[in-house]
Amino acid sequence: ISEISTAVLCLLANFDEDGHGVQDLGIHLPVTKIVLASTFVVLFITIRSILWPAFSYYFIRDCMQALKEKDDNKTVKPRAYAVRVMAACDGGLTVLQIMWLGQIFITLKAEIEKLQAA
């Protein structure tokens with residue numbers, strides 16, 4: 001689900017003015033650029049700032065439950081290690097979500113300032 005906003009971001013990247021996007025695409029399709037940017041922001045905030053923490057909570061809760069289960073099977077140690085790694089990765093991804101949200105607000109502020117100056 002989290003990759004839905006990434007798909008829109010990939011489309012928006014074509015409008016990048018720093019030489020990575022299609023040259024002058026934003027000039028020829030300004031409304032499309034604004035629609036894609038707005039869609040990305042709404043999807044990112046909805047999916048990665050609202051839904052992600054909820055999904056992450058239940059994932060970590062399941063990880064903790066799996067680690068509490070005692071089993072005489074020889075696969076317990078490797079499985080416990082894998083569960084800990086997945087939980088740590090989820091924590092790292094959650095930190096990235098927060099950092100990216102901050103970057104979105106910084107970029108949004110800069111874009112609004114550009115519009116006001118024009």
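Two aromatic pairs were counted in the model, taking rings of Phe, Tyr and Trp (its six-membered ring) with centres within 6.5 Å as paired. Planes under 30 degrees apart count as stacked, over 60 as edge-to-face and the rest as tilted. The model is predicted: local features need pLDDT of at least 70, side-chain atom pairs count only at pLDDT 80 or more, and totals for chains, interfaces and linings use all residues. Residues are numbered from 1 along each chain as its sequence is written, and side-chain values use heavy atoms, with hydrogens and water left out.

Phe40 and Phe44 form a tilted pair. Their ring centres lie 5.7 Å apart, with 50 degrees between the planes. The two residues are four apart in helix 3, so about one helical turn separates them. Helices (H or I, at least four residues) are DSSP runs, numbered from the N terminus. Both Phe40 and Phe44 are buried (under 20% relative accessible area, with exposed over 50% and partly exposed in between; 1.4 Å probe, protein chains only).

Tyr57 and Tyr58 form an edge-to-face pair. Here the centre-to-centre distance is 5.0 Å and the angle between the planes is 75 degrees. Tyr57 is partly exposed, at 48% relative accessible area. Tyr58 is also partly exposed, at 44%.

Pockets were then examined on a 1 Å grid over the protein atoms alone. A pocket is an open set of points where a 1.4 Å probe fits, with protein on both sides within 12 Å along at least five of seven lines. Lining residues have an atom within 4 Å of a point. Grid points are joined across faces, edges and corners, and a volume is the space filled by probe spheres set on the points.

The largest pocket has a volume of about 1,200 Å³. Its lining comprises 29 residues. Leu12, Lys33, Ala37, Thr107 and Glu111 lie nearest the centre. Helix 1 (3–13), helix 2 (25–28), helix 3 (30–68) and helix 4 (76–117) each contribute at least two lining residues. By class, the lining holds 16 nonpolar, six polar and seven charged residues. Ala, Val, Leu, Ile, Met, Phe, Trp, Tyr, Cys and Pro count as nonpolar, Asp, Glu, Lys and Arg as charged, and the others, Gly among them, as polar.

Helix 4 gives the most, with five. The lining has five nonpolar and five charged residues, and no polar ones.
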